[in-house]
Amino acid sequence: MQIEHLHDAPSNSSTLMLNGRFDAHETDAFRATFDGLNDDGIHHITVGLGDVEFLDSTALAELVRGMKRCRENGGDLVLSSLSDPVRVILELTRLDAAFTIN
Amino acid sequence: MTDIPLENYRQWASTPLTTRPIYSVVIPAYNEEWRIVPTIGAIATHMSSLGEPWEMIIADDGSTDSTVELVQELELANVQLLIAEQNGGKGSAVRRGMLRARGDIVLFADADQSTPIEQFTALKSLIDEGFDVVVGSRSAEGSDVANKSFLRQVFSRGLNLLVRVVFRIPVADTQCGFKMFTAEASETLFQRQVIDEFSFDLEVLYLAKKLGMKTAECPVEWFDAPGSKVDPFKVAIEFLQNLAVIRWNDVRGLYKSANHELPAKAPLAAEPTEKTKTSTAPTGS
Ligand SMILES: Nc1nc2c(ncn2[C@@H]2O[C@H](COP(=O)(O)OP(=O)(O)OP(=O)(O)O)[C@@H](O)[C@H]2O)c(=O)[nH]1
Ligand SMILES: [Mg+2]
């Protein structure tokens, strides 16, 4: 999986565009990038999932963890441009209700 | 991006088939509460996007976790959930699923999406070319194996060599959990095969060769999924024992005819009648 990071300085927010399969092999890399942003005081983070065709439960748990961390700091983790399988996976796991999705 | 695939999925998820499915996807599941729901989501979305009637069969294998309840709660209209009282081994679970399948083309796929369902079409094109059995292969030219440990590679090489030499089965990867069959081949093979454990794959390929079926290998992408419950050492020893068992079964004539009955297939939903189609007249208050 590739992670592309785009930062918007005026709003102090970031976008992480993910590409590929997001599974347990990728959560360490994701966490390193994600926690790095949080440590730098960036708590509004959008995760782009348009080019992700599969998310396993470990990846979902990692996204939930990231969302909690952002919200604790007054921000949010927003999921955007979901691919069809990712949308269905979020629905079937009922996590679509937990996340902000745009 | 068009949302037609998503519409197809919604239709599939909510409305039971009234015509026989073209495709059946069988997923054996033993204590898969952690992995099964995302796998169902990915398979259901992709298979629905192909635009043909299809069904999913979850063959539980006596799971002691919440696998069965999770699948039931999804309330998907075209999922057959086969519940087993006891754990019988992957071979028994796959067999139960395959013998219930109603499609013209039947795939079995592991619950961990280690071979992504997107590879379905590549295997199917070989069935269309006239093959009876098409096995996903992590060794065939062009396959892409991510995260496979060195030890596992050594293991699979050794076992594959044995299979080729002792059994003369020209398949480099007998164990990949992604195999496709014509309905006829599937029923013939799974009615005969008797191994309930992980070596059933090998037995099925052995039988396919014995019965003169055309078998092809198709290179697939494969992700060594974490959370596998298989101990490779145990499997290797079991595999060797089963090589001998298959040979012995054949010598004593066990494979001459079916060893399992073909169960009755689930009936299709009735076509909506005129009465249910037209909205009922409002009743007076
Ligand atoms: N381990 C195990 N799996 C079973 C059994 N019955 C059915 N299965 C299913 O068989 C499939 C293969 O299971 P895995 O644990 O991924 O085993 P594997 O793919 O051979 O092993 P890996 O290559 O390590 O992933 C899964 O869909 C399981 O749920 C059983 O008795 N034991
Ligand atoms: Mg596996």
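**The contact between chain A and chain B**

The side chains of R10(B) and E91(A) meet in a salt bridge, with 2.7 Å from N to O, where a salt bridge is a side-chain nitrogen of Lys or Arg within 4 Å of a carboxyl oxygen of Asp or Glu. The count between chain A and chain B is one such bridge. The model is predicted, so that local features need pLDDT of at least 70 and side-chain atom pairs count only at pLDDT 80 or more, whereas totals for chains, interfaces and linings use all residues. Residues are numbered from 1 along each chain as its sequence is written, chains are lettered from A in the order in which they are written, and side-chain values use heavy atoms, with hydrogens and water left out.

The contact (heavy atoms within 4.5 Å) takes 22 residues from chain A and 29 residues from chain B. The area buried between the two chains, which is the accessible area (1.4 Å probe) lost on putting them together, summed over both, is about 1,800 Å², and carbon and sulfur atoms give 64% of it. Of the area that chain A buries against chain B, R21(A), D84(A) and L92(A) supply 34%, more than any other three residues.

On the side of chain A that touches chain B, the largest share, seven residues, comes from α3(A), a helix (a DSSP run of H or I, at least four residues, numbered from the N terminus). Seven of the nine residues of α3(A) are buried, meaning under 20% relative accessible area (1.4 Å probe, protein chains only), and among them are D84(A), V88(A) and L92(A).

Methods
Helices (H or I, at least four residues) and strands (E, at least two) are DSSP runs, numbered from the N terminus. Buried means under 20% relative accessible area, exposed over 50%, partly exposed in between (1.4 Å probe, protein chains only).
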